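Trainee: I am new to this structure and would like a close look at a single part of it. Please take me through the aromatic rings and what surrounds them.

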Amino acid sequence: MSGSVYCARCQRRHFGRYGAAGLLLLSEGHALLTLRSAYVDQGGTWSIPGGALAPGEGPAVAAVREAREELAGLPTLTLTGQRLTDDHGVWRYTTLVAELEALPRLTPRNRETEAARWTPVAAVERLDRLHPAFARSWPHLAALTKEHTNV
């Protein structure tokens with residue numbers, strides 16, 4: 001399922017032969033961030049749950065599947081319909097936004113995720129060790145959070 005694609009635009013390999021997707025979980029003015037483990041690319045950085053699309057799988061299905069694979073305790077969620085796509089032509093990463101009613105306690109479910117924590121939306125950009133691609137897309141994602149977090 002995973003594999004990788006070489007991208008001439010940014011001169012690096014992207015994981016997920018069919019693209020990748022992630023889930024920005026929001027609740028009570030907070031965003032859920034996950035600490036990537038040493039077993040994955042860019043280990044030791046904070047990001048959101050996500051991963052490679054399976055053949056024929058859409059970004060929304062993949063993002064929710066990946067979040068459920070990575071996090072224990074994830075309740076029913078509501079996708080807001082908002083998304084941000086980082087399109088590289090040969091590969092794309094789609095971030096979908098979801099809302100939760102309360103701040104559930106979520107814990108890592110597999111070895112890809114070292115930790116999970118709720119972070120105030122206003123504090124995300126100030127965190128050390130953000131995943132580089134997530135850090136680049138955060139200003140655009142933060143704009144999507146405004147109507148859901150009243151920030």
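Mentor: What follows goes through the ring pairs, then the charges placed over rings. Keep in mind that this is a predicted model. Two aromatic pairs are counted. One of them joins Trp91 and Tyr93, whose ring centres are 6.3 Å apart, with 40° between the planes. Trp91 has a relative accessibility of 8% and so counts as buried, the limit being under 20%. Tyr93, with a relative accessible area of 21%, is partly exposed. Phe134 and Trp138 also form a pair, with 5.6 Å between the ring centres. Their planes meet at 50°, so this pair too is described as tilted. Both residues belong to helix H2, which covers residues 132–149. Because Phe134 and Trp138 are four residues apart in that helix, about one helical turn separates them. Phe134 is buried, and Trp138 is buried as well.

Next come the charges over rings. At Tyr39, the charged end of Arg111 sits over the ring, 4.1 Å from the ring centre. At Trp46, the residue over the face is Arg117, and the distance to the ring centre is 4.4 Å.

Tyr6 is in strand E1, residues 4–7, where Tyr6 and Ser4 make up the uncovered face. Val5 and Cys7 make up the covered face of E1.

Technical notes
Residues numbered from 1 in each chain as written. Predicted model: local features only at pLDDT ≥ 70, side-chain atom pairs only at ≥ 80, totals over all residues. Heavy atoms only, no water. Phe/Tyr/Trp six-rings, centres within 6.5 Å; stacked < 30°, edge-to-face > 60°. Buried < 20%, exposed > 50% of the residue type's maximum accessible area, 1.4 Å probe, protein only. Helix = DSSP H or I, 4+ residues; strand = E, 2+ residues; numbered from the N terminus. Lys NZ or Arg CZ within 6 Å of the ring centre and 35° of its normal.
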